[in-house]
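Here's a walk through a few side-chain contacts and the packing around them. Have the model open and follow along.

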Amino acid sequence: MVGHVKEAFRLLSKSIIRVETPDINLEEEDPAMTREPDVMETEDGEQLRITFEEYKKISHMIIVHMRDFEEKTREQDQGALRKSDLLDWYISQIEDELDGEQEMIARKNIAEKVLERLIKVDNVLLEISGGDSPDSPFLVVHPNYIIE
């Protein structure tokens, strides 16, 4: 009977498919658009990449905060946050993890790229123009998006 158990274990471990998620390239433009190779590289010549888990963590934090804000301000008809306010909120949430100003700038840059990806690639966030600042549009979570 021990031989059968070992054989079953061997067969089962061979048949299990492991799915690995690739790193997220934050410098990547919309796949339908043509891209210039120099634009995608940082000053060091490296592309800005984060792990899929970190991308999900950042995006989940942002989306949950936006949904909470929308719920709290629903009666006031002010359910949208400015992009700059959202970035400032994110940095304030992780400031205990930051070692210095350079790391803060790097993390803010990553968060900004994550927001751009959520808007342009994943279509989770929607930009609403208006107000006095075209550089920092209002953002809302797509009404059909379900938080996992």
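## A partly exposed glutamate

Let's start with glutamate 116, which has a relative accessible area of 21% and so counts as partly exposed. Keep in mind that this is a predicted model. What does glutamate 116 form a salt bridge with at 2.1 Å? The partner is lysine 83, and that figure is the separation of the closest N and O atoms.

Is lysine 83 buried or exposed? With a relative accessibility of 8%, lysine 83 is buried, because the cut-off for that class is under 20%.

Lysine 120 is exposed, at 53% relative accessible area.

The structure has six salt bridges in total.

## From the loop to H4

Another of these pairs joins glutamate 97 to arginine 107, with an N to O distance of 3.6 Å. This one also connects distant parts of the chain: glutamate 97 belongs to the loop between H3 and H4, while arginine 107 is in helix H4, ten residues away. Glutamate 97 is partly exposed, with 43% relative accessible area, whereas arginine 107 is buried at 15% relative accessibility.

## How H2 meets H3

Now over to the helix pair. Helix H2 (residues 52-72) packs against helix H3 (residues 83-94) at an angle of about 115°, and their axes are 11 Å apart. The crossing of H2 past H3 is right-handed.

Which residues make the contact? H2 brings Ile58, Met61, Ile62, His65 and Met66, and H3 answers with Leu86, Trp89, Tyr90, Gln93 and Ile94. Sorted by class, that is eight nonpolar residues, two polar ones and no charged ones.

## The nonpolar core

The largest nonpolar core has 27 residues, and the ones touching the most other members are Met66, Val114 and Leu125. H2, H3, H4 and strand E5 (138-141) each put in at least two residues.

Methionine 66 is worth a click, as it turns up in the H2 contact with H3 as well as in this core. Leaving aside residues up to four places away in sequence, methionine 66 touches Leu81, Leu86, Leu125, Leu139, Val140 and Val141. One of these, Leu86, is also part of the H3 side of the helix contact.

## An asparagine with positive phi

One last stop is the backbone at asparagine 123. Its phi is positive, at about 55°, although the residue is not a glycine. Where is asparagine 123? Look in the loop between H4 and strand E4 (125-128). Asparagine 123 is partly exposed, with a relative accessible area of 46%.

Note on methods: Residues are numbered from 1 along each chain as its sequence is written. This is a predicted model: local features need pLDDT of at least 70, side-chain atom pairs count only at pLDDT 80 or more; totals for chains, interfaces and linings use all residues. Side-chain values use heavy atoms; hydrogens and water are left out. Axes are lines fitted to C-alpha atoms, for helices over the stretch in contact, and angles run from 0 to 180 degrees between N-to-C directions. Helices (H or I, at least four residues) and strands (E, at least two) are DSSP runs, numbered from the N terminus. A crossing is left-handed if the near helix is turned anticlockwise from the far one by less than a right angle, and right-handed if clockwise. Contact means heavy atoms within 4.5 Å. Ala, Val, Leu, Ile, Met, Phe, Trp, Tyr, Cys and Pro count as nonpolar, Asp, Glu, Lys and Arg as charged, and the others, Gly among them, as polar. A salt bridge is a side-chain nitrogen of Lys or Arg within 4 Å of a carboxyl oxygen of Asp or Glu. Buried means under 20% relative accessible area, exposed over 50%, partly exposed in between (1.4 Å probe, protein chains only). A nonpolar core is a set of buried Ala, Val, Leu, Ile, Met, Phe, Trp, Tyr and Cys residues joined through side-chain atoms within 4.5 Å.
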